[in-house]
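Student: I've got a model open and I'd like to learn how to read it. Can we go through a few features together?

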Amino acid sequence: MLSALIAPFKHLSPEATNTEDEDNLSTSSADVKENRNVSNLEARPLPAGDRARGGTPSVKRKRPLEEGNGSHLCQLQLIWKKLSWSVAPKNALVQLHDLRPGLQYRMVSQTGPVHAPVFAVAVEVNGLTFEGTGPTKKKAKMRAAELALRSFVQFPNACQAQLAMGGGAGPSPDFTSDQADFPDTLFKQFEPTAPPEAFPGRRPADAALLGSGCRRGRLLCRPLDLVGAAPRDRNPVVVLNELRSGLRYVCLAEPTDGQRAKGFVMAVSVDGRTFEGSGRSKKLAKGQAARAALQALFDIRLPGHAPSRPRSPLLPQEFADSVSQLVTQKFRELTVGLASAHARHKALAGIVMTTGLDVRQAQVVVLSSGTKCISGEYLNDQGLVVNDCHAEIVARRALVHFMYAQLELHLSKRREDSEHSIFERSKDGGYRLRDNVLFHLYVSTSPCGDARLHSPYEITADLNSSKHIVRKLRGHLRTKIESGEGTVPVRGPSTVQTWDGVLLGEQLVTMSCTDKIARWNVLGLQGALLCHFIEPVYLHSIIVGSLHHTGHLSRVMSHRTEDIGQLPTSYRHNRPLLSGVSHAEARQPGKSPHFSVNWVMGNTDVEVIDGTTGKRSCGGSSRLCKHVFSARWARLYGKLSTRIPSPGDTPSMYCEAKRGAGTYQSVKQQLFQAFQKAGLGTWVRKPPEQDQFLLTL
């Protein structure tokens with residue numbers, strides 16, 4: 001019957017008629033009209049039957065019909081008004097006015113340029129002043145009302161509080177107290193008159209879901225009915241849009257052909273924070289991102305949240321900041337005596353060694369800077385050059401230098417020397433890192449490659465525009481540009497460059513830092529030669545100073561290789577802890593310097609390498625080149641216990657010594673196949689001739 005009676009009036013909209021002048025902020029909040037007001041019905045022409053009873057088409061009623069004069073229409077209007085009360089959501093101004101009528105809003109200030117002003121509006125509630133800002137006075141006023149509501153209601157919708165909080169009247173509580181013993185009757189004085197039970201348009205609240213509105217010491221915190229549907233039926237994207245309208249979602253990653261199981265990754269920016277979600281479809285991924293935003297910003301927990309992939313744990317922020325400060329301070333100390341040009345950098349990297357996570361015993365063991373790679377014309381077949389002078393790569397090579405020095409302590413006849421080494425004898429032969437010895441990599445900016453190119457930092461400022469993102473290439477292997485900056489996706493199926501081709505002018509291809517770090521997380525930091533003596537060594541954490549997003553770093557450095565399969569003993573799929581820094585170091589303007597600086601603990605001098613030639617400025621070979629490492633390896637081989645059974649004959653060539661680490665080489669091939677299987681491209685290797693030089697025995 002109710003549907004039949006309401007049918008003639010379905011064209012009547014319950015939308016708000018807001019005649020408030022946003023500049024008139026001295027008026028009372030009682031002037032704010034509910035957005036479900038049916039007073040606009042009074043201005044519409046009457047139906048034909050009513051005009052015949054005395055109305056004229058040209059006359060519009062100025063007030064509602066009174067009892068006895070079309071009373072059935074008046075009753076339907078009241079029913080429609082009550083129906084809209086239970087369905088239409090309210091904005092913050094209306095919600096606050098319902099709870100505390102008569103509040104006064106006042107203009108506090110106006111700042112910013114004329115073309116982009118910022119207004120501040122304040123309102124006093126419960127003895128506290130809440131100030132909101134916005135590009136218009138109306139939005140600032142709305143923000144102030146939101147802050148006031150959150151201060152004592154702690155629900156994203158005031159209707160929820162009115163439905164959830166019930167009981168008799170009680171004393172006015174102190175909403176500012178963190179330890180207040182709130183009674184169950186907390187919001188009785190704010191609750192509107194309940195509609196009669198016979199009213200058919202109102203569904204009573206579910207007692208099992210709402211229960212007691214207040215526990216002792218804290219307010220109710222559980223998913224609630226926002227606009228009349230059961231919580232389990234609410235779409236998180238819809239709920240978030242009701243709280244923050246106009247949000248746009250951006251696809252950060254999508255599966256390649258044949259790899260749909262990898263899923264989509266969607267991101268949304270809410271109140272200056274970015275939230276991600278993943279799923280088999282974009283719809284599911286959006287829902288996960290919306291759930292994360294609702295839980296973090298509004299403390300709303302909707303059911304059905306099941307992350308499709310485990311989140312990488314984060315490093316404690318205080319520890320990450322300490323590591324960053326240690327590296328930057330050490331670099332300043334070491335470059336005091338250098339030329340001003342060498343003291344500046346575009347990218348700085350350092351590795352800090354700790355015992356556990358005790359920052360008091362932290363030591364900076366290596367430092368490096370640089371952003372250049374060698375030119376093909378300087379490629380050397382005697383291992384006398386450093387091919388890649390990017391800061392992260394040089395830091396890893398400097399750590400290998402440090403590892404050789406620690407192994408050489410075991411050659412000493414004095415027992416205390418070997419006890420000071422970070423390595424100890426392993427039961428299975430060879431050596432292993434001592435317990436609780438951890439390495440932490442700090443990089444001042446996101447590593448080149450996919451970690452930097454597709455990090456969400458590029459789009460958080462404007463999530464409405466994602467046209468610059470090449471979606472099909474997300475996660476792909478990338479190579480550095482010779483004698484320049486930036487990276488490009490790997491090209492074609494060819495995996496090995498030729499010596500003749502490079503010398504005849506072909507560009508020398510070097511894999512990006514992002515991809516090399518992903519490789520370290522499987523193979524370790526030590527390289528092939530040291531695998532003869534020690535077990536793989538992995539990073540415990542990675543700290544990035546700027547241009548980073550921990551979620552994206554985790555995907556490109558760890559999750560791309562999650563299908564690598566079973567690995568041999570002592571190898572693992574490492575997932576380092578990730579973190580940014582609270583205050584990133586300001587990036588230095590100007591072009592990137594063509595040189596690279598490196599320092600290793602135990603060495604007093606700072607070495608400067610020309611990134612274009614791969615040699616020191618004086619023309620000599622670097623202490624980090626292959627030739628020097630091969631000589632140090634040869635001095636240890638045959639004198640220290642090895643993990644690999646000796647074939648009998650000592651390798652005579654550098655490439656033979658690397659191939660002798662059979663397990664390392666098989667795991668490397670397993671990694672390359674995992675990249676190909678995931679559709680991420682083929683790892684490109686340097687010409688093999690560069691490793692075909694004799695060992696210095």
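Predicted model: local features only at pLDDT ≥ 70, side-chain atom pairs only at ≥ 80, totals over all residues.

Student: How many residues of strand E15 are buried?

Tutor: In a regular strand, side chains alternate between the two faces of the sheet. Strands (E, at least two residues) and helices (H or I, at least four) are DSSP runs, numbered from the N terminus. Buried means under 20% relative accessible area, exposed over 50%, and partly exposed in between (1.4 Å probe, protein chains only). In E15, residues 437–443, seven of seven are buried. Val437, Phe439, Leu441 and Val443 lie on one side, with Leu438, His440 and Tyr442 on the other.

Student: Which strands pair with E15?

Tutor: Two strands pair if DSSP finds at least two bridges between them. E9 (residues 348–355) runs antiparallel to E15 over seven bridges, with Gly350 partnered by Tyr442. E19 (residues 541–544) pairs with E15 in the parallel sense over four bridges; there, Leu441 is partnered by Ile542.

Student: And Ala661: buried or exposed?

Tutor: Ala661 sits in the loop between helices H20 (654–659) and H21 (662–677). Its relative accessible area is 1%, so Ala661 counts as buried. Contact means heavy atoms within 4.5 Å. Not counting residues up to four places away in sequence, Ala661 touches Ala528, Cys531, His532 and Ile644. Ala661 and Cys531 are 130 residues apart in sequence, yet 6.3 Å apart in space, C-alpha to C-alpha.

Key:
Residues numbered from 1 in each chain as written. Heavy atoms only, no water.
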